[in-house]
Amino acid sequence: MEFGSATFGSDGFSSSGTGKLVALLGDSSDHNGHLINTNQDNTLVVEGVPVCVAGCMHYCPIVGHGTQPVTPVTIKSYHNGKLIITYGAMAAAPCNAVIQPPDRHVYVE
Ligand SMILES: [Zn+2]
């Protein structure tokens with residue numbers, strides 16, 4: 001399935017603005033941290049960058065927050081059985097950073 005420059009490996013994607021923005025490797029959070037891995041086989045990509053799925057890790061530069069797994073907020077969109085990470089997903093405690101990907105016009109529910 002393709003939308004413009006994006007290539008997808010599963011159903012449930014939208015370029016029409018419904019759902020939440022997908023998060024990719026390297027995207028940042030409200031703590032100025034970033035996603036340091038994807039927890040997938042890197043077959044699901046947007047603009048050539050792998051999409052993050054449940055269990056990916058977020059590094060936070062704030063002292064004491066460290067590197068924590070990210071919990072998805074999507075409920076319908078999976079890649080190889082793992083929920084896709086989007087805007088609003090949260091790093092685990094004690095960090096609790098909110099993932100804030102830029103607007104690439106690629107959304108999932
Ligand atoms: Zn943090």
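In which loop does asparagine 39 lie? Select asparagine 39: the residue sits in the loop between E5 and strand E6 (45–46). Strands, here and below, are DSSP runs of E with at least two residues, numbered from the N terminus. The model is predicted: local features need pLDDT of at least 70, side-chain atom pairs count only at pLDDT 80 or more, and totals for chains, interfaces and linings use all residues. Residue numbers start from 1 along each chain as its sequence is written.

Asparagine 39 has phi near 60°, a positive value in a residue other than glycine. With 18 C-beta neighbours inside 10 Å, asparagine 39 counts as partly exposed; the class is buried at 20 or more other C-beta atoms within 10 Å, exposed at 12 or fewer, and partly exposed in between, with C-beta atoms placed from the backbone.

Next, select asparagine 80, in the loop between strand E10 (78–79) and strand E11 (82–83). Phi is positive here too, about 50°, although asparagine 80 is not a glycine. This residue has 12 C-beta neighbours inside 10 Å and therefore counts as exposed.

Now display the sheet. Four strands form an open, antiparallel sheet in the order E5-E8-E9-E12, where pairing requires at least two bridges found by DSSP between two strands. Strand E5 (34–35) and strand E12 (90–91) are at the edges, each with a single partner strand, so one side of each lacks a neighbour in the sheet. Strand E9 (residues 67–71) pairs with E12 in the antiparallel sense over two bridges; select threonine 71, whose bridge partner in E12 is methionine 90.

Finally, move to proline 94, in the loop between E12 and strand E13 (107–108). The peptide bond from alanine 93 to proline 94 is cis, with omega near 5°.
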